[in-house]
Amino acid sequence: MAITMPKELTAKQLPQALFEMDGISRRQIEEHYTLYEGYVKKTNEIRSKLPNADRAAANQAFSEFRELKVELSFALDGVKLHESYFWNLGGAGSQPNQKTRELIERSFGSIEAWQEDLKATGIAGRGWAITAFDFDDNRLHNYIADAHNSYGIWNAMPVIVLDTYEHAYVIDYGVKRPPYIEAFFRNLNWDEINKRVDGLDIGEEPRAAM
Ligand SMILES: [Fe+2]
């Protein structure tokens, strides 16, 4: 029986501020954006094939259905993480609001401690460093991902997303990641991050640590 699939995704247009950052160039962002567009196209392509894939032949070692499901996680997480990444940039001069500050402080002790840990996470990872709100303990955690679809922790929502693939900085910094991460922090769009946090019920106190 055919299943109903979601509507086609379309690549969102980047805000102008993304092209005017200090430390991450317009060319770097433009090249990076083409990769995001590619993940949007591949998500649509995979979703268009899924309804017709042979479910009766599903097999964990190899099957068309398995391959489509696995690569959907790569393509769609590529879309989601890049949108979170692009939109949490372009906000030089913005500040965390009271709720965001409180959430970071109760999760890490201080903004500085959060930043130091996210930077180390970004150096240790091969693809992404993600500050995510975990709904099970009402805290933020800095999680690592070597690829879009690796090591994700379930029931947690990305709040601040740092792309550490070389493609994110090679035009501006060659293979030197630390100065790119410094530029990332300088350009964080706290107005956007505040919006993400404002949408969360963060509770009174963190629950028992996970
Ligand atoms: Fe990327």
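Me: A residue is buried if 20 or more other C-beta atoms, placed from the backbone, lie within 10 Å of its own, exposed if 12 or fewer, and partly exposed in between. What percentage of the protein is buried residues?
Reply: Buried residues are 32% of the 210 in the protein. This is a predicted model, where local features need pLDDT of at least 70 and side-chain atom pairs count only at pLDDT 80 or more, while totals for chains, interfaces and linings use all residues. Residues are numbered from 1 along each chain as its sequence is written.

Me: OK. How many helices and strands are in it?
Reply: The protein has seven helices and three strands, which are DSSP runs (H or I, at least four residues; E, at least two) numbered from the N terminus. Starting at the N terminus, the order is α-α-α-α-β-β-β-α-α-α.

Me: And what does the C-alpha trace span?
Reply: About 55 × 45 × 30 Å along the principal axes.

Me: Which residues touch the most others in the largest nonpolar core?
Reply: Trp128, Val159, Val161, Leu162 and Tyr180, out of 34 residues in that core. Elements supplying at least two residues each include α2 (64-87), β1 (128-134), β3 (156-163) and α6 (177-186). Another core lies apart from it, with six residues, among them Tyr36, Tyr39, Ile46 and Val79. A nonpolar core here is a set of buried Ala, Val, Leu, Ile, Met, Phe, Trp, Tyr and Cys residues joined through C-beta atoms within 7 Å.

Me: Back to β3. Is β3 mostly covered or uncovered?
Reply: Covered, mostly: seven of the eight residues in β3 are buried. β3 pairs with β1 in the antiparallel sense over seven bridges (pairing takes at least two DSSP bridges). Proline 158 in β3 has alanine 132 opposite.

Me: Which residues are buried in α6?
Reply: Tyr180, Ile181, Ala183 and Phe184. Seen down the axis of α6, the buried residues fall within an arc of 160°, so they line one face of the helix. The arc is that of the directions from the helix axis to the C-beta atoms.

Me: What do they pack against?
Reply: The buried residues of α6 pack against α4, β3 and α5 (170-173).

Me: And what is tyrosine 180 in contact with?
Reply: Ala168, Tyr169, Asp172 and Tyr173, leaving aside neighbours within four places in sequence. Contact means that the C-beta atoms, placed from the backbone, lie within 7 Å.

How values were computed:
Contact = placed C-beta atoms within 7 Å.
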